[in-house]
Amino acid sequence: MDISFDLLMNAIVAGLLLGGFYAAVTAGVSISFGMLDIVNIAHPAFIILGSYIAYIINIELGIDPIVVSIVMLPAFYVLGTFIYQVYYLSFEKRGQESLRGLAFFFGLLFVTEVLLILVFGVDYRYVEASYIGPSLHLGNVDFPLRMLVPCITALVLFGLLHLFVTRTFTGRAIMAVSQDQLALQLMAADPIRIKRIAFGISIATASIAGALLIIIQPVEPSVGREYIGRVFAICVLGGLGSLPGTLVAAMLLGIMESITSTFYGPSWAPAVSFGFLLLTLAFRPAGLFGR
Amino acid sequence: MLVGLVVYVSGHLLGIGYLFFAGYTILQFIVLASAWNILGGYCGYVNFGSAAFFALGAYSTVFFYKFNPLPIPILIILGAVVSGIVGFGMGYLTLRLRGAFFAIATLAMAVVLQTLVVNWSYVGGSRGAYIVRADTVDIGGYTIEYIEYLFLLMMAVAILSIVISRTIARTQLGFGFATIRDDELAAEASGVPTLRLKLIATTISGALMGMAGAPFPYYIGYLQPASAFGLEYGVNSIAMPIIGGTTSWVGPVIGAILLGSLQQIATVTISSAVNLLIVGLLLVAFVVIAPNGLVGLIQDRLRARRDGK
């Protein structure tokens, strides 16, 4: 097969940009699954919710979707804390996390998705923003702004999260709660409250990821399903609980998917992420940067 | 079991055509739910990929149909074999993973299989595949509608799956499964061959789901990957056992009948999107409030009454 260098470069660049976006999508799961051990399989549904909220406000008021998502952060945070409270009372107290918790979130995924279908219908929705059309050109390589802006936003998001987790007391407490809950209690921090904050942050990231998603591609409610596998694949590949790992893994996955799409056809793309997930789980469950 | 048989036979005698369509779906879900429960309820391993085994059964039917149309009972057995093998393979790859990872891996497997089928144009790929079916069937001198034939076949499969899950629950195999669910490490330490038991569970579970899927192309006439592998089957096959009760063979059956009927009624009266909403809401509600399902609630009430005296 004649591999044109330009095509390859474009595929890699597209993959990197896509990877940045995937990182934003995965950030929430990295926190909830990586640090709190909560398998929030409904996370993509919340992202779609974020997309739709960005869509409505963009259509009605013409405000840029990313701005909308930042404004909606507190609302999503509250939603996250509420869900965690229900989760905690129903499952963690009784120590039955695995089956019931999974089923709970699975049910939540469906409920959210179907509610969106009932309210919005299954038409594809997309937003208007000034950077959706044009691209930057460097030599023979294109940088569509539609992908570049979300990628940069995602990197900023990651930078902020990383600072939060390493520099603030609450952030470090979140890292601690995943390592040793009892020790945390002895340090006079309430682990339940910490976990609640962490889960709230996790859902809040979905708000931003949702806005980024609808910038990159038109959205309809079942789009979230493709992301379930990607998100967990990235988490596991990067190593649970490691934010830098998640970023690297997301970029890797983005590049792999992009190259597969470009050279083998887009219908194979889902198999790449899920297949990689299976391979990682089979051979190196700790991931690249795992503890 | 005899009661079930009587009920179903009387259902068969009613002449309303739609009842057979609806009944087929419910029977199909009985099989799927019972099959899921063997791995999920008895062993405690949540399988999100039920759709994959179901779809494999359906696609193996399509595959053999393209060679040479075979009678459905044989197709059912073939579907069971195919899905059973895949179940075994999946088990071999993934059973070393603990709880959550296993569940995610099953989901991943389902999508990988779906992508393979989408790219395989012999069985129609994403174009889908048509199966032409006859209007009536001759059995031993009686001519019946095709859908009744499918219904009867499905009933046979359903009874088979109930018998299997009931038998497992009462034998050594079932006790082995229960020990895995309760504390796998302790079971392993006590000498229970957990890996072998788990493999048996995934194989049987997969085979039964394949059986449920094999007649599906004939039932629906047109098969495409997006719907056959859809998450709808996955969520239903999880919701029904959980709502009905995962600890015994009765649970999935009750769950399937209740939830299946509810969904059929909702599809006909309200809209077809709503039935998924119902499934999701009920699942969340039951998981939070009644973890052992309806069977569990009844058992608790019986126990309370017994203790109260």
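1. In which sense do strand E1 (residues 135–138) and strand E2 (residues 141–144) of chain A pair, and over how many bridges? The pairing is antiparallel and runs over four bridges; two strands pair if DSSP finds at least two bridges between them. E1(A) and E2(A) form a hairpin with two residues between them, and A:Gly139 in the turn has a positive phi of about 65°. A:Leu136 stands opposite A:Phe143 in E2(A).

2. This is a predicted model, in which local features need pLDDT of at least 70 and side-chain atom pairs count only at pLDDT 80 or more, while totals for chains, interfaces and linings use all residues. Residues are numbered from 1 along each chain as its sequence is written, and chains are lettered from A and ligands numbered from 1 in the order in which they are written.

3. On confidence, the model scores ipTM 0.74 and pTM 0.80. The pLDDT (the predictor's confidence in each residue, from 0 to 100) has a mean of 72 in chain B, where 72% of the residues reach 70 or more. Within chain B, the lowest confidence falls in strand E2 (residues 136–139), at a mean of 52, and the highest in helix H9 (residues 194–213), at 80.

4. Chain A contains twelve helices and two strands. Helices (H or I, at least four residues) and strands (E, at least two) are DSSP runs, numbered from the N terminus. The order of elements in chain A, from the N terminus on, is α-α-α-α-α-β-β-α-α-α-α-α-α-α.

5. The C-alpha trace of chain A spans about 60 × 45 × 35 Å along its principal axes. Its radius of gyration, 19 Å, agrees with the value near 19 Å for a compact globule of 291 residues; the radius is taken over C-alpha atoms, and the globule rule is 2.2 Å times the number of residues to the power 0.38. Of the contacts in chain A between residues at least 6 apart in sequence, 78% join residues at least 24 apart. Two residues are in contact if their C-beta atoms, placed from the backbone, lie within 7 Å.

6. Buried residues account for 52% of the 291 residues in chain A. A residue is buried if 20 or more other C-beta atoms lie within 10 Å of its own, exposed if 12 or fewer, and partly exposed in between, with C-beta atoms placed from the backbone.

7. Two residues of helix H11 of chain A may be set side by side. A:Glu257 is found in this helix (residues 243–264) and is buried, because 25 other C-beta atoms lie within 10 Å. Leaving aside neighbours within four places in sequence, A:Glu257 is in contact with A:Gly15, A:Leu18, A:Ala269, A:Val272 and A:Ser273. The C-alpha atoms of A:Glu257 and A:Leu18 are separated by 9.1 Å, although the residues are 239 apart along the chain. A:Ile255, also in H11 of chain A, counts as partly exposed, with 19 C-beta neighbours inside 10 Å. Not counting residues up to four places away in sequence, A:Ile255 touches A:Ile12, A:Gly15, A:Leu16 and A:Gly19.

8. At the interface, 34 residues of chain A are in contact with 33 residues of chain B. Helices H4 (73–92), H5 (97–120), H10 (224–238) and H12 (269–283) of chain A each supply at least two residues of the side that touches chain B, and H5(A) gives the most, with 15 residues.
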